[in-house]
Amino acid sequence: MQECSSPDLQSHSIKMSMTDILSPEDIEAALSSCKAAGSFDYKTFFSKVGLSGKTPDQIKKVFSILDQDKSGFIEEDELQNFLQNFAPDARALTPDETKIFLTAGDSDGDGKIGVDEFQSMTKS
């Protein structure tokens, strides 16, 4: 068995994509359910994309992809571009959708979603 050198491991974690965790068919189904502006519902999306049935570790991996700036939180600007993490040509969330999504996930009121809050959202 060959060992991976550190740079290879680092580049793999940077390149991890949603399709490493979620099926392309589920991603497509979830994205097509919210193509129209104002039609995004995080509960429906999480269910259709298959996140609701994933392990805590898999959900953490999805969170790490969504946390674009690697701050340990998903902030409002990252939420606005949420769908584009699943497909580059997906639409941005509207300001209202973004606010609703943030409010739903931000259980401690700090204006951002942490990994534990995200895990709770996927299971609700």
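Me: Contact means heavy atoms within 4.5 Å. With that in mind, which residues does Arg91 touch, not counting residues up to four places away in sequence?

Reply: Arg91 touches Cys34, Lys35, Ala36, Ala37, Gly38, Ser39, Phe40, Leu83, Gln84 and Glu97. Keep in mind that this is a predicted model, where local features need pLDDT of at least 70, side-chain atom pairs count only at pLDDT 80 or more, and totals for chains, interfaces and linings use all residues. Residues are numbered from 1 along each chain as its sequence is written, and side-chain values use heavy atoms, with hydrogens and water left out.

Me: Where does Arg91 lie?

Reply: Arg91 is in the loop between helix 5 (76-80) and helix 6 (95-105). Helices (H or I, at least four residues) and strands (E, at least two) are DSSP runs, numbered from the N terminus.

Me: Why is Arg91 called buried?

Reply: Its relative accessible area is 18%. Buried means under 20%, exposed over 50%, and partly exposed in between (1.4 Å probe, protein chains only), so Arg91, at 18%, counts as buried.

Me: What makes Arg91 and Glu97 a salt bridge?

Reply: The test is a side-chain nitrogen of Lys or Arg within 4 Å of a carboxyl oxygen of Asp or Glu. For the side chains of Arg91 and Glu97, the N to O distance is 2.8 Å, so the pair passes. Both partners are buried.

Me: Which backbone oxygens does the side chain of Arg91 reach?

Reply: Those of Cys34, at 2.8 Å, and Lys35, at 3.2 Å. A polar contact is a pair of N or O atoms within 3.5 Å (within protein, one must be able to donate a hydrogen and the other to accept it, and residues adjacent in sequence count only if both atoms are side-chain atoms).

Me: Why are Asp57 and Lys61 said to be about one helical turn apart?

Reply: Because they sit four residues apart in helix 4, which puts about one helical turn between them.

Me: Which residues does the UniProt annotation "binding site" cover?

Reply: According to the UniProt record, an unreviewed entry, they are Asp67, Asp69, Ser71, Phe73, Glu78, Asp106, Asp108, Asp110, Lys112 and Glu117. UniProt positions are given in the numbering used here, feature names are shortened, and annotations may be inferred rather than shown by experiment.

Me: How do you know that Asp67 counts as buried?

Reply: Its relative accessibility is 4%, so it falls under the buried limit. Asp67 lies in the loop between helix 4 (56-66) and strand 1 (73-74). Leaving out residues up to four places away in sequence, Asp67 touches Gly72, Phe73, Ile74 and Glu78.

Me: What makes Asp106 count as buried?

Reply: Its value is 13%, so it gets the buried label. Asp106 is in the loop between helix 6 and strand 2 (113-114). Beyond its neighbours within four places in sequence, Asp106 is in contact with Gly111, Lys112, Ile113 and Glu117.

Me: What is in the largest nonpolar core?

Reply: It has 32 residues, and those with the most contacts inside it are Phe45, Phe82, Phe86 and Phe118. Helix 4 gives the most to this core, with five residues. A nonpolar core is a set of buried Ala, Val, Leu, Ile, Met, Phe, Trp, Tyr and Cys residues joined through side-chain atoms within 4.5 Å. Phe86 touches Met18, Leu22, Ile27, Leu31, Phe45, Val49 and Leu66, not counting residues up to four places away in sequence.
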